[in-house]
Every structure is written in structure tokens, then in C-alpha cells.
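Take a look at the sequence and the structure first.

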Amino acid sequence: MEKCHRCGVSVNGAWRHCPLCQTPLNAGGEPQEDLFPLLPLVSRQYSALLRGLLFLSVCLTAISVAVNFALVRAGRHERWWCLFVAFGVVCTWISLGTIIRKRHNLHKTILWQVALMSLFAMGWDWLLTGWSKWSINFVLPILCTVAMAAMHVLARILRLRIEDYMVYLLLDLVFAVVPVLALALDWVDVVIPSLVCITSGIISLAWLLIFQGEALRREFNRRFHL
């Protein structure tokens with residue numbers, strides 16, 4: 001049995017770090033068996049499914065590159081459209097990996113997905129379409145609007161506690177401020193999607209403050225000892 005010198009608690013089982021403070025434990029004594037079995041984060045069925053999808057993605061990319069190369073050599077096509085396929089596959093797997101890793105925290109998952117998809121869209125726009133600004137004109141405000149709507153739906157379905165609304169409020173602010181900055185810095189040429197996103201953010205914040213304002217105030221005072 002190991003003992004954490006920081007917490008002062010005894011830790012039974014094959015632990016290398018304290019489960020409370022993550023302080024490394026002294027590797028002394030005979031190794032002990034874990035009291036509880038270790039459960040895999042992803043079941044075997046999901047693991048087999050992910051491997052199958054990964055194999056199909058590689059096959060799709062390889063076939064696309066081969067077909068595109070053959071068409072270019074034959075003079076029937078001049079653009080390397082296989083880059084769109086390859087970049088799309090890479091972006092999809094990065095997004096899917098983030099969802100799997102952050103699946104236990106829905107707020108964080110939504111925030112990461114908006115950030116990643118926005119970066120991917122701007123990368124596509126800049127590298128593959130010559131920066132025509134469709135990523136910031138349409139994709140960015142639409143993603144922020146959909147994210148706010150998704151958080152509202154999840155809050156109703158999961159019946160979130162008032163503590164979770166604090167994070168919800170901050171994320172609403174983030175999603176509403178992004179298109180405001182884009183408009184203020186004159187980055188966008190089409191203003192309607194950004195205006196829709198800003199309006200949605202104002203309505204969302206108004207709903208939280210009007211209908212959950214008292215509970216939010218109590219939670220804010222409790223957390224910051226006001």
C-alpha cells in the first residue's frame with residue numbers, strides 16, 4: 001500500500017499517481033492488484049468500427065489520388081481535386097477524435113468543434129480556394145449560431161443544473177462576440193449571417209438573464225463569495 005506524502009492518504013492497488021492530487025507515488029514494496037477492473041474507454045465494437053472507417057478513409061483517399069493523377073496525365077483534368085478529398089478526410093478524423101476524447105463534457109465538445117471547424121474552413125478557404133472569404137462570411141457565423149442552438153437544446157434535454165449555466169452563459173458570450181469582431185474589423189463582405197448570429201446571441205443571453213437571472217446571481221455570489 002502506497003502513501004501520498006502530499007495528501008497523507010493511503011492508496012491501495014497498482015496506482016502510480018495519487019487519485020486525489022495526481023502526485024507521483026513512491027515506487028516501493030511489492031506490486032499489488034487493482035481493487036477494481038480497468039474499463040476501456042472505447043468498447044471493442046466501437047474500436048472495430050473506427051478501424052473499419054479508418055481503412056475506408058485510406059482507401060477513398062488513395063483511389064481519389066490515383067484517379068485524379070490518371071486524369072491529369074491524360075489531359076482530361078487540370079485541377080488536383082484529390083486534395084479536397086484528402087484534406088476533408090483529415091479534418092473529419094481530427095474532429096471525430098476530439099468528440100471521442102471530450103465526449104464526457106458536452107460544453108467543451110461544442111466549443112472544440114466550433115473552433116476546429118472554423119479553422120478547417122479558413123484553411124480550406126485560404127489554401128484551396130484562394131481566400132474567397134466564404135469561411136468567415138458564412139461558415140463561422142453559421143457554426144456559432146448552430147452551437148448556441150445546440151446548447152439550448154442540450155440544456156433542456158439534459159436538465160442541466162444551474163452550475164452548468166455559468167459555463168453556458170460564457171460560451172454564449174464567446175459565440176456572440178466572434179461575429180461582432182468580424183464586423184468591427186471589416187473582415188466580412190456578407191453581413192446577414194453575422195447579424196443573424198449576433199441577434200441569436202442577444203436573444204439567448206436575454207433568455208438566460210431574464211428567466212434564470214436570480215439563480216445565476218445566487219450561483220455567482222456563491223462561487224465568488226460576494
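Contact here means heavy atoms within 4.5 Å. The model is predicted. With that cut-off, Ala147 is in contact with Ile110, Val114 and Phe175, leaving aside its neighbours within four places in sequence.

**Ala147 in helix 4**
- Ala147 sits in helix 4, which covers residues 134-158.
- Its relative accessible area is 5%, so Ala147 is buried; the cut-off for buried is under 20%.
- Leu171 lies 24 residues from Ala147 in sequence. The C-alpha to C-alpha separation of Ala147 and Leu171 is 9.2 Å.

**The largest nonpolar core**
- This core holds 19 residues, and Val114 and Phe175 touch the most other members.
- Two or more residues come from each of helix 3 (106-127), helix 4, helix 5 (162-184) and helix 6 (192-211).
- Helix 4 gives the most to this core, with 7 residues.
- In soluble globular proteins, nonpolar side chains tend to be buried together.
- Val114 is in contact with Leu143, Cys144, Ala147 and Phe175, leaving aside neighbours within four places in sequence.

**Asn68 in helix 1**
- Asn68 belongs to helix 1, residues 44-73.
- Is Asn68 buried or exposed? Asn68 counts as buried because its relative accessibility is 0%.
- Which residues does Asn68 touch, not counting those up to four places away in sequence? They are Arg79, Trp80, Trp81 and Cys82.

Key
Residues numbered from 1 in each chain as written. Predicted model: local features only at pLDDT ≥ 70, side-chain atom pairs only at ≥ 80, totals over all residues. Heavy atoms only, no water. Helix = DSSP H or I, 4+ residues; strand = E, 2+ residues; numbered from the N terminus. Buried < 20%, exposed > 50% of the residue type's maximum accessible area, 1.4 Å probe, protein only. Core = buried A, V, L, I, M, F, W, Y, C linked by side-chain atoms within 4.5 Å.
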